[in-house]
Amino acid sequence: MSATSRQRLGWLVPLIPYLWLLAFFLVPFAIVLRMAFSHADTALPPYAPHFAGFAAIGEFLAALDLDNLRLLADDALYWQSYLYSLRIAGLTTLLALAIGYPLAYAMASAPKSWRGALLVLVILPFWTSFLIRVYAWIGILRPDGLLDAALMGLGLTREPLRLMNTEAAVLIGMVYSYLPFMVLPLFAELEKLDRSLLEAAADLGARPWTAFLTVTLPLSIPGVLAGCALVFIPAVGEFVIPDLLGGPDTIMIGKALWTEFFSNRDWPLASAVAVVLLVLLVLPLVLLQRARLARGGAA
Amino acid sequence: MKRLGPGLILALVAGFAFLYLPILALIAYSFNASRLVTVWGGFSTHWYGALMRNEPLLDAAWLSLRLACVSATLATVLGTLAALALARHGRFRGRTLFSGMVLAPLVMPEVITGLSLLLLFVAAEIERGFWTVTIAHATFSLGFACIVIQARLVGFDRSLEEAAQDLGATPLMTFWTVTLPLIWPAVAAAWMLALTLSLDDLVIASFTTGPGATTLPMRLYSAVRLGVSPEINAACTLMIGAVAVAVIAASLLLKRERMAGADK
Amino acid sequence: MGQGTFAKRKASPGSVRRAFQPWNDPQARPLVEFRNVTKRFGPVTAVDGLSLSLYPREFFALLGPSGCGKTTLMRMLAGFERPDSGAILLDGVDITAVPPHLRPVNMMFQSYALFPHLSVADNIGYGLRREGLARPEIARRVAEMLALVKLEGLGARRPDQLSGGQRQRVALARSLAKRPKLLLLDEPMAALDRKLREATQFELMDLQSTLGTAFMVVTHDQDEAMTMADRMAVMDHGRLVQIGPPDVIYEAPVSRYVAEFVGDINVLEGRVSAVEGDLVRVESAVAGPLELDEDAPGFALGDTLLVGLRPEKIALSHDEPAQGLNKVRGEIWDIGYLGDVTMIQVMVGGEGGTLLKVALANRTRRIERPFAWDDAVWLSWDVEAGLALAP
């Protein structure tokens, strides 16, 4: 590399963000880890003395307390909320894919002059507040809300659907909020697809549907994977949507963490929940990376 | 150019209806004279007047705006440095850890980021308030800003920087006179993104804030939990309007710049 | 873009250039010296223990295939790469560790690297501003440079509003604005089309002799190097294979590699059968006995030898030439009409023998050619035409 040109103050460039991230990302994260393995009574603030011993690894290991993890494992509530989070995130991802793929495909097939405007239209809701988007659905889904009024007004249903505070409401809110994250990578992948490939497929005797299944779909797999990751990952840890649209039985893990922290003020337990949640998230990411590497190796 | 089939048109219409109908309904009902969501009581700007008299909400909005500006600026500066480090410095010690730390906030659930930063502030006995939220927002937007700027740097012709140095510019001078002017659109986009992320965040702010620093999302959240109110609709409509104006202005500006570049 | 030249060509540039031979003058002080310079990139040695001297006012061309290390050599001179060992001297001063912005050397980039956010005038004035010159002085120098490259009136434009040829001129003006002692040009013609390339080559030569700046051109195009350079070097695998004026490189290449890289050549294998003074007699399996004139034959009887023959130095006839030893029978295998010349491939030594290329200049507008496919012909050449190449 051009070492000569960057001798003087060049080392400051990585150093400044490096120090910032060490201080405000890595250290806090280490504290969470430490906290996850400590007792509730000693971990309540102020707990600075315990923090002081943090540097001594031996002491740290000796003081490890797996009670919190044991509690998490024993308490069915946490198991259920983890599984429930995965389920909701998975369903959200599938639904977003089912709605997002045709939309992205239609956008990519639209005349070039439209595409920019369509793209802006997809991104625009993302720029408005997350809370606003969820709030809009409250007005629609709540009892005597717009949806019920419309359906009953049209004579399609006789009585209110009572969607508010159900799993369906949570799913609608989640799909709605995360749809752009699915559409954008799909659109990017489908748009760069060479149209002449489809023409070649047609020239070789493939019907449009066969051409889609044998050419377009396989080539858009990277976009599908990226979109699914972008939806699934934040969906697992989502807190606001299940809290506002879900009922008392829709305890997702983000909500459990929030409750543990703010309502029960059990910081070590909240930390333990966070650690397990992170493990839960890292796993699919690693699998995705594996899949990508395998594809890269094959190509 | 191939014409769109009816199936694809349906996909477009249905997709965009799903995206926009809820927002349009929300806007419509901010002008409803009636307090009831399902009853149209006639057009009224009553709720906007009420909103203007809602001091706590206005205070929170003002605080959020200041906070977002400061944290977005911090995140953009740090993100630019991080992007330069990743795109230009090649291999340096701890690069893997560095890029991991830059990118981790992108996949980190907000609850965890918020919790961990709160624990840090408590451990370090830092008084929580405006600055702790600012630091938290800058930290989690940094990664997003870095990605945006790095993408621009990767597509950047290195020989431009070499030409500047060849003509006698020091590395710092090269950055100011060549690199920065050319990555400027990405830097601006990164700042806008960081600003939006900050204005949008509820979870991290809830963890890291202290007394006297209640952000707009926090106020909205507690109001929304209590139920639907046209006053909130009015607040949301104003925010949507501001965003729409900003996005349209930005795209027009970009278009004009492109046109100016093309026909001169 | 006009075909206009920068200045009227001198009456006899050839003779002027011939007299300019500082590399043969022991008193001449080199402008640039590479002293045993080595540069590695991981396992690849890009430049391998290379030494080279360039002289003031010299137009030097570095020629080689891609990956031979020529670009690395140039980038080390500009300061973008640092040698692993060895030293680089400019005007007798060791500049090995001097960063690029402090070197009195400028470079014209292959991509031109014009700053897209600055006007043409600001691009040209960029280096002058870095020197801290006063505004009026910068404006004067920029105007001077614009005039030099015939771009008066285009100072306010942006690079993306210029044609390819104009952009190249801006890049040239920008790199010359600081009046460097040495100008480096990285594939300066690569982005131009053929017609423009030829005109620009001569303009560049005139500019160089007007300014008196030393030029070092890196190129993979032998025509370009031969047209412009006072002296050229052929590089291969990080080493200099041969340095010399273009005519010497072409007519007296030191190896088969150089002979084949610069121009077209036929190669016949043979065995030395007699050495008489400057005259070497070679027995070739496919072409029989041959004679060639070598200045200092270092060959012993029985040595294997490669005889190189440039296609344009071979004469073709239907009848056997009256005299001379260098004549071979063959059959015409292929005829390629190129307009100015006709390339004829002749099979020598019967089927499975050696194909020799012969270039015939088309001196008349006759459409009917004297030679046709499958004709039995005689090839002949002078004793001075053949080159003895080490195998």
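Among contacts in chain B between residues at least 6 apart in sequence, what percentage join residues at least 24 apart? The value is 78%, where two residues count as in contact if their C-beta atoms, placed from the backbone, lie within 7 Å. The structure is a predicted model, in which local features need pLDDT of at least 70 and side-chain atom pairs count only at pLDDT 80 or more, while totals for chains, interfaces and linings use all residues. Residues are numbered from 1 along each chain as its sequence is written, and chains are lettered from A and ligands numbered from 1 in the order in which they are written.

Chain B contains 11 helices and zero strands; helices (H or I, at least four residues) and strands (E, at least two) are DSSP runs, numbered from the N terminus. Its order of elements from the N terminus is accordingly given as α-α-α-α-α-α-α-α-α-α-α. Along the principal axes, the C-alpha atoms of chain B occupy a box of roughly 70 × 65 × 35 Å. Of the 264 residues of this chain, 48% are buried, a residue being buried if 20 or more other C-beta atoms lie within 10 Å of its own, exposed if 12 or fewer, and partly exposed in between, with C-beta atoms placed from the backbone.

In the model, residues 15–35 of chain A are 100% helix and 0% strand, with end C-alpha atoms 28 Å apart. Residues 84–104 of chain A are likewise 100% helix and 0% strand, and their end C-alpha atoms lie 29 Å apart.

Chain C has nine helices and 20 strands. Its C-alpha atoms fill a box of roughly 75 × 50 × 40 Å along the principal axes, and 37% of its 391 residues count as buried. Of the contacts in chain C between residues at least 6 apart in sequence, 65% join residues at least 24 apart.

An open sheet of six strands in chain C has the order β6-β7-β8-β3-β9-β10, with mixed pairing; two strands pair if DSSP finds at least two bridges between them. Strands β6 (105–108) and β10 (239–244) of chain C stand at the edges, each with a single partner strand, so one side of each lacks a neighbour in the sheet. Within the sheet, β7 (residues 182–186) and β8 (residues 214–219) of chain C pair in the parallel sense over five bridges. The bridge partner of D186(C) in β8(C) is V218(C).

An automatic or database domain assignment divides chain C into domain 1 (13–104 + 180–259) and domain 2 (264–389). The C-alpha centres of these domains of chain C are 34 Å apart. Four residues of domain 1 of chain C are in contact with six residues of domain 2 of chain C.
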